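This report describes the nonpolar cores and the aromatic pairs of one protein model. Please view the sequence and the structure below before reading on.

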Amino acid sequence: MRKIKSFQVDHRKLERGIYISRKDADVVTYDMRFCKPNCGVVLDNVTLHTVEHMIATYVRNSDIKNEVLYFGPMGCQTGFYLLIRDVVTKDKVLKIVKDVLQKTIDHTGAVFGASEIECGNYKMLDLDSAKEACRDYLDVIADVDDIITYDEVNKMGR
């Protein structure tokens, strides 16, 4: 059986950052890697869940809202996938990602979707932990000016 694209990248070479995982037809999958793989540190479920609520809402209300297909967590709990139509440049995606991270950090008020009506596990949310994770991640990508692909990661030395 063929390996899926996310299993083809050498996770020993991945660092915290942002990558292009794959392109399928007109959809680009971005890997927002909050934690270095296999280093023993992952996002806890509460933080993962809250970041998902916040970023998903902000990105679906951004300048590229009509091109956003999905934002959600990786099963390994080291980051998130953001799926965007390819009409949006990677430079624009990077700008939007930085912007929604900052909006989450600056957010006052309730977590988006934090009610029994809106969420299947609404009690498992904590804005402060999401803000901390977003702040740490924004620090990592603040000076990033290009998003590289998994293929480029695989070509890097170890």
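## Aromatic rings and nonpolar cores

Both Phe 71 and Phe 80 are buried, that is, under 20% relative accessible area with a 1.4 Å probe and protein chains only. The model is predicted, with pLDDT of at least 70 needed for local features and 80 or more for side-chain atom pairs, while totals for chains, interfaces and linings use all residues. Residues are numbered from 1 along each chain as its sequence is written, and side-chain values use heavy atoms, without hydrogens and water.

The structure holds 4 aromatic pairs. Rings of Phe, Tyr and Trp (its six-membered ring) pair if their centres lie within 6.5 Å; planes under 30 degrees apart are stacked, and those over 60 are edge-to-face. Two of the pairs are listed here.

| Pair | Centre to centre | Angle between planes | Type |
|---|---|---|---|
| Phe 34 and Phe 80 | 5.1 Å | 70° | edge-to-face |
| Phe 71 and Phe 80 | 5.0 Å | 15° | stacked |

Phe 34 and Phe 80 are both buried. Together with Phe 71 and Tyr 137, these residues form one aromatic cluster.

The largest nonpolar core has 39 residues, of which Met 32, Phe 34, Leu 82 and Leu 101 touch the most other members. Such a core is a set of buried Ala, Val, Leu, Ile, Met, Phe, Trp, Tyr and Cys residues joined through side-chain atoms within 4.5 Å. A second, separate core of 5 residues includes Val 9, Leu 14, Tyr 19 and Val 153.

Terms used: Buried < 20%, exposed > 50% of the residue type's maximum accessible area, 1.4 Å probe, protein only.
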